[in-house]
Amino acid sequence: MTLTRLSRQKPPSLFITVRFLTRHLSTSKLRDHYSFQPPPSLSLDPQKSKSNSNSHKKQKPKYRPPSSLDQIKPIYSDLPFDFRFSYTESSPTVRPIGLREPKYSPFGPGRLDREWTGVCAPAVDPKVKSLEGTEDPNLEAKRKLLRGRIQGAPLTEAERKFLVEKCQRNRNKRQINLGRDGLTHNMLNDIHNHWKFAEAVRIKCLGVPTVDMKNVCTQLEDKTFGKIIQRHGGTLILYRGRNYNRKKRPVIPLMLWKPQEPVYPRLIKTTIDGLSIEETKEMRKRGLAVPVLTKLAKNGYYGSLVPMVRDAFVVSELVRIDCTGFERSDYKKIGCKLRDLVPCILVTFEKEQIVVWRGQDYKPPEDGHFFTDREFFDDPGCDMERSDE
C-alpha cells in the first residue's frame, strides 16, 4: 500500500528544488567564509584594461606587405673597390665586346648608390656608362691604408701557431667553401659574419679558381683587408687583424641574383698566329692524338697544373689535358688561365679536351710565380717583405 501511494505522488518540480537550495545557501555561513573576490588586476572591465595596456605598452603597427611602389633608400658603401660578381674569375683589364642582358643591377632596383655597367658597379664615377671596368689608381692606395690600420702589428710566431691550431678541422667545424665561381661578392659578407665569433676563418678552395692560387690569395687579402697566415693546398686560414672592430664592419650590399656573364672575344681563332689554315688543322689533329698529360677530377684542386704543363713543354710541344665531365665554361676558364700563366697558345677545346701549344720560340719562365704546396708564414720579417711586394 505504501509503495503504491509513493509511486502515485508527483515528483518535486525543478523550480522547488532550486528555490530550496538557494534559500539554504543564502543563510549558510560557508558562502561567506569560502567566497572568492577577484583582485583589481583581473577585473573584467574592458575600458580599464585597455587604458592600462596603452599606458605601459605601445601598440604595434599593422602589418603592411612590401610593395614596389614604396620608396627604397639606396645603400651607401664606402668600400674602395668596384663591386663585381666574382673577383677572381673576372679581370678589369679585359674588355667585353657585348652584353647578354640589359643593365639590370643585381643588387635590386634603387638599392645601391652605384650604377651597374653590366660588368661591375664602379666606386668612383656613379654615372659611368661604358663596359670597361677600369679602377681608379687612387683606390689601391686607399685599400693599403685601410688594411694597414686594421692589421696593426704583425703576429708573432706563437700567435700564428695558436690561431692555426684553433682553426684545424678536428677543433673547429666552421668553414667557407670557395667553388667554381671563385671569390664572389656575397662571400665577403660571409667572411665578416665568421669574424664575429673568431679571429681567423678557414677557407676551402676547390674547382677552377685553384689553377691560380696566387690570385685567390691576393684578392682575399685585398677585398677583405685580412691576412692569410697559412696555406696548405687549397685550404687557407684568413686572419681578420689586431684592430678589427666587428661593430664597425664595412657595409656590404648583397647581390640578389647572379648576373649574366658578358660576351668576350673568342679564345680559339680560326688560324693560329704564324700558321696557315692547313697547318692549324693538322696541329689540332695531332693535339687530340697526343697522350694525355693528366685527367682532371671535377671540383678538384688544380694548383699543380701549371707546373706540370711547363715541365711537359720541355719534352713535347703539344700538351693535352682531359676534362671529361666538365661543363664547357669550366674548361674554357682553365684554358684561359693556362694561356696567361704558362704561357702557351690554345689549340682546341674539342671532345672536352684542352690542347695547348708551347709556340715556336718557347722559353720556360724562371720567376717564382707560384706558391709552394704549404706555407706557414712563421717569420714576421718575411711576412712584411711579402706584403710590400
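Start by selecting helix α10, residues 305-315, which lies across β5, β6 and β8 and runs at about 170° to β5. Contact here means heavy atoms within 4.5 Å. Axes are lines fitted to C-alpha atoms, for helices over the stretch in contact, and angles run from 0 to 180 degrees between N-to-C directions. Helices (H or I, at least four residues) and strands (E, at least two) are DSSP runs, numbered from the N terminus.

A word on the source: this is a predicted model, in which local features need pLDDT of at least 70, side-chain atom pairs count only at pLDDT 80 or more, and totals for chains, interfaces and linings use all residues. Residues are numbered from 1 along each chain as its sequence is written, and side-chain values use heavy atoms, with hydrogens and water left out.

**The sheet**

β5 and β6 run parallel and are joined by three bridges. Two strands pair if DSSP finds at least two bridges between them.

Now show the whole open sheet, four strands in the order β5-β6-β8-β7 with mixed pairing. β5 (292-295) and β7 (345-348) are the edge strands; each has a single partner, so one side of each is left without a neighbour in the sheet. From one strand to the next, the twist averages 30°.

Select β6 (318-322) and β8 (353-357), which pair in the antiparallel sense over five bridges. At one place Leu318 stands opposite Trp357 in β8. Asp322 has Gln353 as its bridge partner in β8, and Asp322 is also the bridge partner of Lys295.

Colour β6 by burial. Five of its five residues are buried, where buried means under 20% relative accessible area, exposed over 50%, and partly exposed in between (1.4 Å probe, protein chains only). In a regular strand the side chains alternate between the two faces of the sheet. In β6, Leu318, Arg320 and Asp322 are on one side, with Val319 and Ile321 on the other.

Next select helix α9 (277-289), which lies across β6, β7 and β8 at about 55° to β6.

Which loop holds Cys323? Cys323 lies between β6 and α11 (328-341). Cys323 counts as buried because its relative accessibility is 0%. Leaving aside neighbours within four places in sequence, Cys323 is in contact with Leu296, Tyr331, Glu352 and Ile354.

**The cores**

Move to the largest nonpolar core, which has 31 residues; Phe83, Ile191, Ile203, Leu220, Leu236 and Leu238 have the most contacts inside it. A nonpolar core is a set of buried Ala, Val, Leu, Ile, Met, Phe, Trp, Tyr and Cys residues joined through side-chain atoms within 4.5 Å. The largest share, four residues, comes from α8. Apart from this core lies another, of 25 residues, including Val208, Phe326, Leu338 and Val342.

**The whole chain**

Finally, zoom out to the protein chain, with its twelve helices and nine strands. Buried residues make up 37% of its 389 residues.
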